[in-house]
Amino acid sequence: VNDYSDDNGATWVNAGIRNWITFDDVNGYVYTQSDRGVGRSDDDGATYTDKITGMTGVTVNDLAQDSSKEIVWLAAQGGFAQSEDFASSIAAGNEPTWEFPIAPSEAVDTGSAVWVDPDQPDVVLAGAGSSLFRSTDGGETWSELTTGVDASNNSSFIDFAEFVDESSVLYASYQSTEGGGVIVSTDGGETWTNTNMPDVPA
C-alpha cells in the first residue's frame, strides 16, 4: 500500500512510493526510492525530484558495445549511459568517462534494453519498457518506433540480437503479462514486425 496518513488514519494520501518511505518532520519533506536513487517530495508526496548528487551506484539492465569496444552503452535504472573511451581507458588503467542519464524522451526514466551497431556505432536502439527508440547520431536525437507491442499488458523490451550473417536483421524480445514475444527488423531497426512466436515452444 503506497499511502500515508498525517492525521492518525482519518484520511490517507497516495505517496507515489516504491519500496520505502521516510519523513523529514523538520523541513516537511517526504523521501522515497526513485529510478535514479532517492526522490524527495516538497508537496506531501504529490511530486518527487531526484536527489542523487554524490551517488555513484546504478542498476544496469543491459549492455551493448561496438566492434572496437570503445563505444559502450548501458540500459540502466534512471536512463541510458554511454562511454566513448571505454577500451582505451581500461587499457591505460583509467576509469572510462560516462554520459548519464541519456533519455530518448522526457517520459523515459529507465532503460530496459540497448543495442549498438557494431560497425556503425552512431546507430543505437534503446528499449524503455514497451517503447522502442532509434538514433542514427550516437544518441543526440531519437525517433520513437512503431513496433506493435501492446503497452497495456506491462510489456518491456529485454534484449536485442542480430543475425550473424546479416547485421541489418535484428530481433528484439520483450516480456509481458501475456507471455511476451519477439519482433524482427530487416532494415537495421527502422521498421519491425511481430514473429508471432508462441508463448510456449512446441
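Reply: Among contacts in the protein between residues at least 6 apart in sequence, 30% join residues at least 24 apart; a contact means heavy atoms within 4.5 Å. The model is predicted, so local features need pLDDT of at least 70 and side-chain atom pairs count only at pLDDT 80 or more, while totals for chains, interfaces and linings use all residues. Residues are numbered from 1 along each chain as its sequence is written, and side-chain values use heavy atoms, with hydrogens and water left out.

Me: What makes up the secondary structure of the protein?

Reply: The protein has 1 helix and 18 strands.

Me: Why is Ser130 counted as buried?

Reply: Buried means under 20% relative accessible area, exposed over 50%, and partly exposed in between (1.4 Å probe, protein chains only). Ser130 has a relative accessibility of 19%, and therefore counts as buried. Ser130 lies in the loop between strand E12 (124–128) and strand E13 (131–135). Apart from neighbours within four places in sequence, Ser130 is in contact with Thr147, Val149, Ala151, Ser155, Ser156 and Phe157.

Me: Why is Phe160 counted as buried?

Reply: The relative accessibility of Phe160 is 9%, so Phe160 counts as buried. Phe160 belongs to strand E15 (residues 156–163). Beyond four places in sequence, its contacts include Ala113, Val114, Trp115, Leu125 and Tyr171.

Me: What share of the 202 residues counts as buried?

Reply: In the protein, 38% of the 202 residues count as buried.

Me: How do you know that E9 and E10 pair?

Reply: Two strands pair if DSSP finds at least two bridges between them. Strand E9 (residues 79–83) is joined to E10 by 2 bridges, and the two run antiparallel. The bridge partner of Phe80 in E10 is Ile102.

Me: What makes E7 and E10 edge strands?

Reply: The sheet is open, with 4 strands in the order E7-E8-E9-E10 and antiparallel pairing. Strand E7 (60–65) and strand E10 (99–102) each pair on one side only, and are the edge strands. The twist averages 20° from one strand to the next, with axes as lines fitted to C-alpha atoms (for helices over the stretch in contact) and angles from 0 to 180 degrees between N-to-C directions.
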